[in-house]
Amino acid sequence: PFDYGPLLRTIKVSIEKLNLQPTPIFVRKVIELYEMICVRHGLMVVGPTGGGKSMCVHTLKLALTQLKTEKITGIRYEKAQVYHCNPKSITMGQLYGAFDPNTNEWQDGILAGLMRLAIRDQDADKLKWMLIDGPVDAIWIENMNT
């Protein structure tokens, strides 16, 4: 069985640092997110606007980073860096990149730039999360799958 003790402690500390309330449902959702990142490379956190999705991610980031700082060993107990983007605040070309037919040049999008930032960070002990935070849109999701 997995000992959630150190993780639970740092989740509650992180919740306080973010000036949130440590409600049982929120703590459970942070733990569920932790369990998902242990078995998946990519995932979606979905729910209503204002439902706590982004705060859940940031709480887990702080908790895992604290565990690493305290040198507590565990699955995915690593520093975490979040690269954040709101896909609905920009055009598809700005998000993914676009070809300019006038100059015959490719202009990288914001996601490519964020990926390069994550790759340049050579800290192998750091989790790098791309947080694409916004309403799910079938078009940009389909483009991401492509």
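**View A. The crossing of helices H2 and H3 in the predicted model.** The axes of H2 and H3 come within 9 Å of each other and cross at roughly 70°, an angle that falls in the 65 to 115 degree range and therefore makes H2 roughly perpendicular to H3. The crossing of these two helices is right-handed.

**View B. Residues in the contact between H2 and H3.** From H2, the contact is made by Phe26, Lys29, Val30, Leu33, Tyr34 and Ile37, while H3 contributes Met55, Cys56, Val57, Thr59, Leu60 and Leu64. Sorted by class, the contact of H2 with H3 has ten nonpolar residues, one polar residue and one charged residue.

**View C. The largest nonpolar core.** This core has 22 residues, of which Leu7, Ile11, Tyr34, Ile37, Leu60, Leu64 and Trp129 touch the most other members. At least two residues of the core are supplied by each of helix H1 (5-17), helix H2 (24-39), helix H3 (53-69), strand S1 (79-85) and strand S4 (126-132), and the largest share, seven residues, comes from H2.

**View D. The surroundings of Leu64.** Leu64, which belongs to the largest nonpolar core and also takes part in the contact of H3 with H2, touches Leu7, Tyr34, Ile37, Arg76, Tyr77, Glu78, Leu127 and Trp129 when residues up to four places away in sequence are not counted.

Definitions and conventions. Residues numbered from 1 in each chain as written. Predicted model: local features only at pLDDT ≥ 70, side-chain atom pairs only at ≥ 80, totals over all residues. Heavy atoms only, no water. Core = buried A, V, L, I, M, F, W, Y, C linked by side-chain atoms within 4.5 Å. Buried < 20%, exposed > 50% of the residue type's maximum accessible area, 1.4 Å probe, protein only. Helix = DSSP H or I, 4+ residues; strand = E, 2+ residues; numbered from the N terminus. Contact = heavy atoms within 4.5 Å. Axes fitted to C-alpha atoms, helices over the stretch in contact; angles between N-to-C directions. Parallel < 35°, antiparallel > 145°, perpendicular 65-115°, else oblique. Left-handed = near helix turned anticlockwise from the far one by under 90°. Nonpolar A, V, L, I, M, F, W, Y, C, P; charged D, E, K, R; others polar.
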